[in-house]
Amino acid sequence: MAARGKVLIVDDDESMRIGCAQTLEAGGFAVTLAANGEEALEKASRESFDAALLDLRMPGLPGLEVLRLLKRDSPNLMVIVITGYATIESAVEAIQRGAYNYLPKPFTPEALVAIVRKAAATGRRTLEDACVRRELERQMLSNEIIGRSEAMSKVLRLIQKAAPTDSTVLITGETGSGKEVVARAIHRLSPRSAKAFVTVDCGTLVETLFETELFGHVKGAFSGAVESTTGKIELADGGTLFLDEMANIGIQMQARLLRVVQEREISRVGSAQKRKVDVRILSATNRDLPQAVRDGSFREDLFYRLNVIHVPVPPLRDRIEDIPELVAHYVAKLAAQRRRPVPGVSEEAMRFLKRHEWPGNVRELINALEYAVVTAEGDSIGLGDLPYSAEASSHLNLLEGSPAEDGHLARIEQSEILRVLQQFGGNRTKAAEFLGINRKTLREKIRKYDLKPRD
Ligand SMILES: Nc1ncnc2c1ncn2[C@@H]1O[C@H](COP(=O)(O)OP(=O)(O)OP(=O)(O)O)[C@@H](O)[C@H]1O
Ligand SMILES: [Mg+2]
């Protein structure tokens, strides 16, 4: 017979235990017995129950403590506390601490079955609601963040765990790997989603501008401050503050930021008045922060404050299983934007895309696909439509890091850089981004090879 639900009966009084068990079994429930709190916790850890009957007065672990631990480990368990008339205050306290209801002694078998039946039904509903919510969240996430590889699934699970909390999250990963995508997803799945998501790009601003950008300033704070302005931290009040490229913050600003993170309190530049802010802080970096801490360019205390929950986003080359889905998604999207029919992708081209190192990760992939969608002439993207000459591409990963040896590889590197520079009309920023290397590296390579792109 399918039981109406599983009930854990926790009572030190054996006759009570057996009496309740017989009544509930007759009422169609499956019953498990525990003679004290420890036994109850042990049984609840091995098996899940819909409801528990808990005597508050037992020797050993106090009933309220048992309640706390049961609810901590099984939040959906509906606990009904059993009390004598003399202990009605503790029943009230139990309900404040999360018990579902209480049943005063003595009670009739009918009252017992009725209350347990209601508790089990409520429990199941909450559980179903929670499952539905998790499933919706999962769908929402997978619509925006493509990738079912094990590596990406891990990231998605972390996002789901971190989102509902107010915890500070540090997102790390190589350039173009999707750190901002992750940050936005955390905000959207959080209770703050109706409020602002404010990005501060810490990589580009000089220190003084950065300070007013973050904190705002009052009128007359410095020459040119004709109006007072609201800083980004205040704009994010109630919502989420996303510190992008956070490792680039100078050491002086780090001290000010530390205060914000610790006290959630700011003052505008030029004002001594403190204001409380309620922000959740997410930050991202592609740099090795522990290394920055070791070499003294990043404050250790700030690092620990920002790194409460760490979400590492894996580089694309570690999740090549995701490439076909990413390609399908972006080819369709890019073609639609250009009002073109969606081209297919040849097997050869796909093989290449899966083999490429992707130093610029998903962003580089999107750029390559955009090039292919624009230039491909047939109804399918072939290897020749990709912006990598087949030979150079397999060595592209040499561009960053290890200096290419003179000779064959160096020639490939030179011609590839030259080709990409020409493709972007000599625009070094775009070329560097496309190659997935930073501008400085590109500048050094151009100098080293004495390259002169024709514009
Ligand atoms: N899993 C993914 N699914 C779909 N699109 C993605 C995914 N990851 C990244 N993208 C896309 O790739 C591009 C780069 O992502 P994003 O800006 O989040 O990277 P980033 O790690 O913040 O890069 P950077 O270090 O340069 O700031 C964006 O256009 C983003 O929409
Ligand atoms: Mg980014």
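Val10 has Leu54, in strand 3, as its bridge partner. Strand 1 (residues 6–10) and strand 3 (residues 51–55) pair in the parallel sense over 4 bridges, where pairing requires that DSSP finds at least two bridges between two strands. The model is predicted: local features need pLDDT of at least 70, side-chain atom pairs count only at pLDDT 80 or more, and totals for chains, interfaces and linings use all residues. Residues are numbered from 1 along each chain as its sequence is written, while chains are lettered from A and ligands numbered from 1 in the order in which they are written.

- The open sheet comprises 5 strands in the order 2-1-3-4-5, with parallel pairing; strands (E, at least two residues) and helices (H or I, at least four) are DSSP runs, numbered from the N terminus.
- Strand 2 (30–34) and strand 5 (101–104) are the edge strands, each pairing on one side only.
- On average, neighbouring strands of this sheet are turned by 20° against each other, direction ignored.

**Helices across the strands**
- Helix 1 (residues 14–26) lies across strand 1, strand 2 and strand 3 and runs at about 170° to strand 2; axes are lines fitted to C-alpha atoms, for helices over the stretch in contact, and angles run from 0 to 180 degrees between N-to-C directions.
- Helix 4 (residues 88–96) lies across strand 4 (78–83) and strand 5, at about 170° to strand 4.

**Domains**
- The protein chain is divided into domain 1 (6–129), domain 2 (145–314) and domain 3 (317–449), with bounds from an automatic or database domain assignment.
- Contacts link 12 residues of domain 2 with 13 residues of domain 3, a contact meaning C-beta atoms, placed from the backbone, within 7 Å.

Technical notes: Contact = placed C-beta atoms within 7 Å.
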